[in-house]
Amino acid sequence: MSDPVIGVLALQGDFREHLAALAECDVIARPVRRPGEVAEIDALVIPGGESTTMSKLAQEFEVFDPIAERLRAGLPAYGTCAGMIMLADEVLDGRPDQRSFGGLALQVRRNAFGRQVDSFESPVEITGVEGGPVTAVFIRAPWVEKVNGDVEVLGQVGDGPDARIVAVRQGNLLATSFHPELTGDLRLHRYFVDMVRSAV
């Protein structure tokens, strides 16, 4: 098949790093800012950034509803950090006017690991990603408080009762609390590209 077209929501946040990572994964990577561009992609990456700002801009740029509709129709998507929040069905500690696209049957807590000063790195084993743990960069990161339905937990930090869910998959949707685009390790982007190729 021809190379899939993977869009990156390019309203705010670290979308450039995702575009660069995807360009190394044998796909066509495009920024998405307009409703017409939503119709032209085979998959979407929702980057890290500020979820309340991203939600507001997506509505102002009139891409919120087209993206939500395509996600409901099965569009593969990968959300990192704020992108995880945007894909969650339920957001804890969000602003009252904040909207998420939804799709992942889980409860996510904003800024759960603390503020920017509490940013950290940790090795995380990801189910389905070979080659040892990935280096996960957490910046004002959320965590998954609770999963429902057929959400598969792919990765956690911590042990025992203090373990926190930081990577999940449900069907065509993938989400991580952390930023793989900042490390130069392409394994999670390649994992997502494999998901996309299986879906299109």
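**Figure 1. Charges and overall form of the protein chain.** Lys and Arg count as positive here and Asp and Glu as negative, while His and the chain ends are not counted; each charge is placed at NZ of Lys, CZ of Arg, CG of Asp or CD of Glu. On that basis the protein chain carries 19 positive and 29 negative side chains, with the centres of the two sets 5 Å apart. Please keep in mind that this is a predicted model, in which local features need pLDDT of at least 70 and side-chain atom pairs count only at pLDDT 80 or more, whereas totals for chains, interfaces and linings use all residues. Residues are numbered from 1 along each chain as its sequence is written, and side-chain values use heavy atoms, with hydrogens and water left out.

The protein chain has six helices and 12 strands, where helices (H or I, at least four residues) and strands (E, at least two) are DSSP runs numbered from the N terminus. Its C-alpha trace spans about 45 × 40 × 35 Å along the principal axes. The radius of gyration, taken over C-alpha atoms, is compared with a globule rule of 2.2 Å times the number of residues to the power 0.38. A compact globule of 200 residues would have a value near 16 Å, so the 15 Å of the protein chain agrees.

Figure 2. Helix α6 covers residues 187-199, 13 residues in total, and reaches 18 Å from its first C-alpha to its last, close to the 18 Å expected at 1.5 Å a residue; the expected span is 1.5 Å times one less than the number of residues. Its buried residues (under 20% relative accessible area; exposed is over 50%, partly exposed in between, with a 1.4 Å probe and protein chains only) are Leu188, His189, Tyr191, Phe192, Val193, Met195 and Val196. An α-helix has 3.6 residues a turn, so residues three or four places apart point the same way.

Histidine 189 counts as buried because its relative accessible area is 1%. Contact means heavy atoms within 4.5 Å, and, leaving aside neighbours within four places in sequence, histidine 189 is in contact with His18, Ala21, Leu22, Cys25, Pro180 and Glu181.

**Figure 3. Serine 55 in helix α3.** Here we zoom in on serine 55, which lies in helix α3, residues 51-60. Serine 55 counts as buried, because its relative accessibility is 1%. Setting aside neighbours within four places in sequence, serine 55 is in contact with Phe64, Met86, Gln98 and Arg99. Glutamate 17 is 38 residues from serine 55 in sequence and 20 Å away in space, C-alpha to C-alpha.

**Figure 4. Threonine 135 in strand β8.** Threonine 135 is found in strand β8 and, at 38% relative accessibility, counts as partly exposed. Apart from residues up to four places away in sequence, threonine 135 touches Glu121, Ser122 and Thr183. Aspartate 185 is 50 residues away along the chain, yet the C-alpha atoms of threonine 135 and aspartate 185 are separated by 8.1 Å.

**Figure 5. Two loop residues with positive phi.** Aspartate 26 is not a glycine, but has a positive phi of about 60 degrees. This aspartate 26 sits in the loop between α1 (15-23) and β2 (28-32) and, at 51% relative accessibility, counts as exposed. Arginine 140, also not a glycine, has a positive phi of about 45 degrees. Arginine 140 belongs to the loop between β8 (134-138) and β9 (143-147), and its 30% relative accessibility makes it partly exposed.
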